[in-house]
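Please read them with the sequence and the model side by side.

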Amino acid sequence: MTTWRSMQTEPLSAQTVRDEAWKRIGPVRLDRVVPERDSLVLHHWLTHPASAFWRMTDLGLDDVLAYEQRLAASTDEHAWIGRVAGRPTFMVETYDPARVLLKGLYRARAGDVGMHLLVAPPQGAPLHGLTDAVMAATLRFCFGTLRAQRVVVEPDVRNTAIAAKNAAAGFRVVREIELPGKRAALSVCTREDFATSRLGAATTHQEHR
């Protein structure tokens with residue numbers, strides 16, 4: 001998973017859901033985080049109260065820069081910045097769950113990709129459908145560009161918002177586990193799970209029109 005420098009997802013159109021707001025979302029693109037370029041905006045996102053479940057709200061800019069530099073140098077973890085209609089809007093971290101964070105805590109399979117998703121704190125009126133578009137694009141990225149067979153996540157059990165979004169994308173909770181700083185809902189999503197989910201089915205329907 002170290003050979004892809006950038007990837008542009010196929011844009012989601014208004015026809016994927018019955019909501020005119022999707023016409024204003026625009027194409028979604030993911031590129032590798034460049035720490036020296038992206039740390040300032042990532043620091044703003046990570047230290048915002050809305051990102052409390054990431055447990056990084058007390059980090060300084062230098063701390064975020066060092067964190068992103070560590071990910072950029074790693075062979076097991078990677079950070080990606082997502083742009084919607086050209087505007088930085090979300091960050092994705094991918095990792096090898098057999099070697100990072102979940103090592104020894106679950107039965108890993110070949111092709112498993114761990115994933116964290118952070119959507120930028122809202123500014124102004126929320127755009128309905130944005131998080132659906134971001135989640136769908138992220139999973140298309142994992143299953144397509146990264147060739148994942150399963151995507152693995154471990155959100156805090158108290159994070160009900162992400163639990164609902166994960167369910168909409170086809171994630172199934174395996175069990176609860178203890179991780180540093182949180183009790184997590186270990187969850188997995190196969191290609192088939194995503195394809196038949198509310199978000200995946202909408203994407204597939206549009207791609208085959």
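1. Arg-175 stands opposite Leu-186 in strand E8, and this facing pair belongs to the antiparallel arrangement of strand E7 (residues 172–179) and E8, which are joined by seven bridges.

2. The model is a predicted one, in which local features need pLDDT of at least 70 and side-chain atom pairs count only at pLDDT 80 or more, while totals for chains, interfaces and linings use all residues. Residues are numbered from 1 along each chain as its sequence is written, and side-chain values use heavy atoms, with hydrogens and water left out.

3. Strand E8 (residues 182–190) is mostly covered, since eight of its nine residues are buried; buried means under 20% relative accessible area, exposed over 50%, and partly exposed in between, with a 1.4 Å probe and protein chains only. E8 also pairs with strand E6 (residues 150–153), in the antiparallel sense and over four bridges, and in this pairing Val-151 stands opposite Cys-189.

4. Which residues touch the most other members of the largest nonpolar core? In this core of 30 residues they are Phe-90, Met-115, Leu-139, Val-151 and Phe-171, where a nonpolar core is a set of buried Ala, Val, Leu, Ile, Met, Phe, Trp, Tyr and Cys residues joined through side-chain atoms within 4.5 Å. The elements that give two or more residues to this core include strand E2 (28–32), strand E4 (87–95) and strand E5 (112–119), but helix H3 gives the most, with 10 residues. Apart from this core lies another, of 14 residues, among them Val-33, Tyr-67, Ile-81 and Met-91.

5. Leaving aside neighbours within four places in sequence, Phe-171 is in contact (heavy atoms within 4.5 Å) with residues including Met-115, Leu-139, Val-151 and Cys-189.

6. Two aromatic pairs are counted, under a rule by which rings of Phe, Tyr and Trp (its six-membered ring) pair if their centres lie within 6.5 Å, with planes under 30 degrees apart counted as stacked, over 60 as edge-to-face and the rest as tilted. The rings of Trp-80 and Phe-141 have centres 4.8 Å apart and planes at 75 degrees, so this pair is edge-to-face. The pair links distant parts of the chain, with Trp-80 in strand E3 (residues 77–84) and Phe-141 in helix H3 (residues 130–144), 61 residues apart. Trp-80 counts as buried at 0% relative accessibility, and Phe-141 likewise counts as buried at 0%.

7. How many disulfides are there? The count comes to zero, a disulfide being a pair of cysteine sulfur atoms within 2.5 Å. The sulfur of Cys-142 is 9.5 Å from the closest cysteine sulfur, in Cys-189, which is too far for a bond. Cys-142 counts as buried at 0% relative accessibility, and Cys-189 also counts as buried at 0%.

8. Thr-89 lies in strand E4 and counts as buried because its relative accessibility is 10%. Not counting residues up to four places away in sequence, Thr-89 touches residues including Trp-45, Gly-82, Leu-118 and Leu-130.

Notes: Two strands pair if DSSP finds at least two bridges between them.
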